Amino acid sequence: MIEQEFADLYPLTEENLVEYLPDIDCGSCGFSSCLEFAEALIAHKAKIEQCAEMGPRMAMSVDALMEFDAPCIPYNVMMESFTPGLMRIGAPDTSTPVLVTGNFKETVRLLESILTVCETSAFLIVSDTKGYSIDNAIVEKRFSPFEALKVITETEVGSFVSHRNLVIPGLARHLAGQIKQITGWRVSVGPVSGFELPLFLIKEGLENQS
């Protein structure tokens, strides 16, 4: 039997998750600290409703992510690409965040699934990275400010929103300044892990922008 190898994902870790907990170590959840509670959540030994200080929107998203069964991505689908362009996820309106990613098909599908289970609406612009996932696209210089500008221009996404804020992947942090300069959009650097993205949007107030 041939052993199947799988591409690496960037899972939501307790260190990531604790950033979205109240961080007051009140103990009302039954754990001595928010970090300990985050560890228990990741291990499925606790439920988010045990936290009395958590806002309902964040709590719902954390709960959805804890229940989300991430698919395995085999290496033999690497380089399968999604057509660059604009995806509408949920019920986006003029205040909805604009996110950018690469066009590796499984990355797009995974982000769509994560945002959907968290009931997060978004405009997802898919940049042409020649089928590379974001981590590989960064190394191969396939995720570029010029491609971001191209897809923003071609999709006319700016006509659908009342803001000019673009959320880029955390792995593209070093390109934030160039993307801002070339596109003319403000740039927010999102998390490295796509699983963290809905929580990041809530915490940073980017779910509904004016």
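View 1. Rings of Phe, Tyr and Trp (its six-membered ring) pair if their centres lie within 6.5 Å; planes under 30 degrees apart count as stacked, over 60 as edge-to-face and the rest as tilted. One of the pairs is F31 with F37, which is tilted, at 5.7 Å centre to centre and 35° between the planes. F31 and F37 are both buried (under 20% relative accessible area with a 1.4 Å probe, protein chains only; exposed is over 50%, partly exposed in between).

**View 2. F68 and F195 make another tilted pair.** Here the centres are 6.2 Å apart, with 55° between the planes. This pair links distant parts of the chain, 127 residues apart: F68 lies in the loop between α3 (56-67) and β1 (85-89), and F195 in the loop between β5 (186-189) and α8 (197-203). Helices (H or I, at least four residues) and strands (E, at least two) are DSSP runs, numbered from the N terminus. F68 and F195 are both buried.

**View 3. T107 belongs to helix α4 (residues 105-117).** T107 is buried, with a relative accessible area of 18%. Leaving aside residues up to four places away in sequence, T107 touches T101 and S133 (heavy atoms within 4.5 Å).

**Notes.** Residues are numbered from 1 along each chain as its sequence is written, and side-chain values use heavy atoms, without hydrogens and water. In this predicted model, local features need pLDDT of at least 70 and side-chain atom pairs count only at pLDDT 80 or more, while totals for chains, interfaces and linings use all residues.
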